[in-house]
Amino acid sequence: MSKVLIAGGTGLVGSRLSEILTNSGYQVAHLSRKKNPNSKYPTFVWNTSKNFIDERAFEGVAYIINLAGAGIADSLWTKSRKKLIIDSRVETTELITKYIQKLETKPKAYLSAAAIGIYGDRGDEELTEASAIGKKGFLVESCVAWENAIRMAGEQNGIRTAALRVGIVLSTKGGALPKMTLPMNFFTASYFGDGQQWYSWIHIDDVCQMFIELMKNESLEGFYNATAPNPLTNKDLTKQLVKALGKRALVIPAPKAALRMGMGEMADVVLNSNRIFPARMEMAGYEFKFSEFQAAIKDLKAKDI
Ligand SMILES: NC(=O)c1ccc[n+]([C@@H]2O[C@H](COP(=O)([O-])OP(=O)(O)OC[C@H]3O[C@@H](n4cnc5c(N)ncnc54)[C@H](OP(=O)(O)O)[C@@H]3O)[C@@H](O)[C@H]2O)c1
């Protein structure tokens, strides 16, 4: 079966994708910043500051999926943190591109994560891939730099290149969901500001299946929104989350001013409104496993994934 090299494969999406690919008979290997002798997957080290990738990683590789990047909301957006957020996406993309160029036998496709942050803060506007990208904010700036690097990868490698503009990935193992459910232990659940901003969520298995779709369907190229077809406002999503988990919790607002004071510019992550629709994936015939939020939550909880 085909070999898939996943950069950043140790992360939230990468771990689940590795599991699904392995169960489907693919051979999976990881590119990581550190050796990981205990990993289930052969792991090859890379280092962007040294322009280095262990070349053995590319042996027999049919697909490369790049999921690497420093966490967007892991720490405050200082100047150096912003640089790291961009560099860890752009430089990793450029480094892989450079190594692919050297390969005699090139992979069938280069696939990458991107993010819906590219659309910026857009209120109630319904957004598809045909919509204009955002005009301001660090999320837009970083996503544009990332997508430019992905586009260059496609042009310079001469291989099929496609990327998912990933929405809010739902998983019990990390990302936004555990942070949203934590206050429920204290019988509260928070929405942010007036809660009217749109959240475009996606079940982690749908993201993984979309990457597999990008691998299999050779006609797919370019950028695809990876969000469920039913985005919700932040307030509605919070209420539905409480209901889906069968919790008793008072749904209360976290005031915008307090969020700005505590998180600074990074509050964009929770306050920006992104009402996004996966038009291109649906046009490609992708069938969602989970298009309804409560069903997605119940499934994640039942499977603990
Ligand atoms: N989760 C979401 O809701 C979401 C939403 C939109 C977009 N995305 C994008 O989708 C991709 C995968 O998301 P995820 O949630 O799986 O991310 P994640 O759990 O944070 O994992 C990303 C991986 O990137 C690697 N990494 C971290 N910092 C790095 C750095 N400075 N330089 C190079 N590599 C670094 C790490 O692998 P090693 O430690 O093994 O090197 C890490 O496991 C990311 O690019 C993310 O921005 C995710």
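The model is a predicted one, with local features needing pLDDT of at least 70, side-chain atom pairs counting only at pLDDT 80 or more, and totals for chains, interfaces and linings using all residues. Numbering starts from 1 along each chain as its sequence is written.

Eight strands make up an open sheet with mixed pairing, in the order β4-β3-β2-β1-β5-β6-β8-β13. Strands here are DSSP runs of E with at least two residues, helices are runs of H or I with at least four, and both are numbered from the N terminus. Two strands count as paired if DSSP finds at least two bridges between them. At the edges stand β4 (52-53) and β13 (222-226), each with a single partner strand, so one side of each is left without a neighbour in the sheet. Elsewhere in the sheet, β1 (residues 3-7) and β2 (residues 27-32) pair in the parallel sense over five bridges, and A7 sits opposite L31 in β2.

Helix α3 (residues 138-157) touches β6, β8 (160-166) and β13, and its direction makes about 170° with that of β6. Helix α5 (residues 204-216) touches β5 (61-66), β6, β8 and β13, with its direction at about 165° to that of β8. Contact means that the C-beta atoms of two residues, placed from the backbone, lie within 7 Å. Axes are lines fitted to C-alpha atoms, for helices over the stretch in contact, and angles run from 0 to 180 degrees between N-to-C directions.

α2 and α3 pack at an angle of about 5°, with axes 9 Å apart, which makes α2 roughly parallel to α3. On that scale, angles under 35 degrees are roughly parallel, over 145 roughly antiparallel, 65 to 115 roughly perpendicular, and the rest oblique. Among the residues that meet here are I85, I86 and V90 in α2 and W146, A149 and I150 in α3. By class, this contact has 11 nonpolar, six polar and three charged residues. Ala, Val, Leu, Ile, Met, Phe, Trp, Tyr, Cys and Pro count as nonpolar, Asp, Glu, Lys and Arg as charged, and the others, Gly among them, as polar.

α1 and α5 pack at about 65°, with their axes 9 Å apart. V13, R16, L17 and I20 in α1 meet I204, V207, C208 and F211 in α5, giving seven nonpolar residues, one charged and no polar ones.

Helix α6 (residues 234-244) packs with helix α10 (residues 293-303) at about 45°, axes 9 Å apart, and the two are therefore oblique to each other. In this pair, L237, Q240, L241, K243 and A244 of α6 meet F293, Q294, I297 and K298 of α10. The contact has five nonpolar, two polar and two charged residues.
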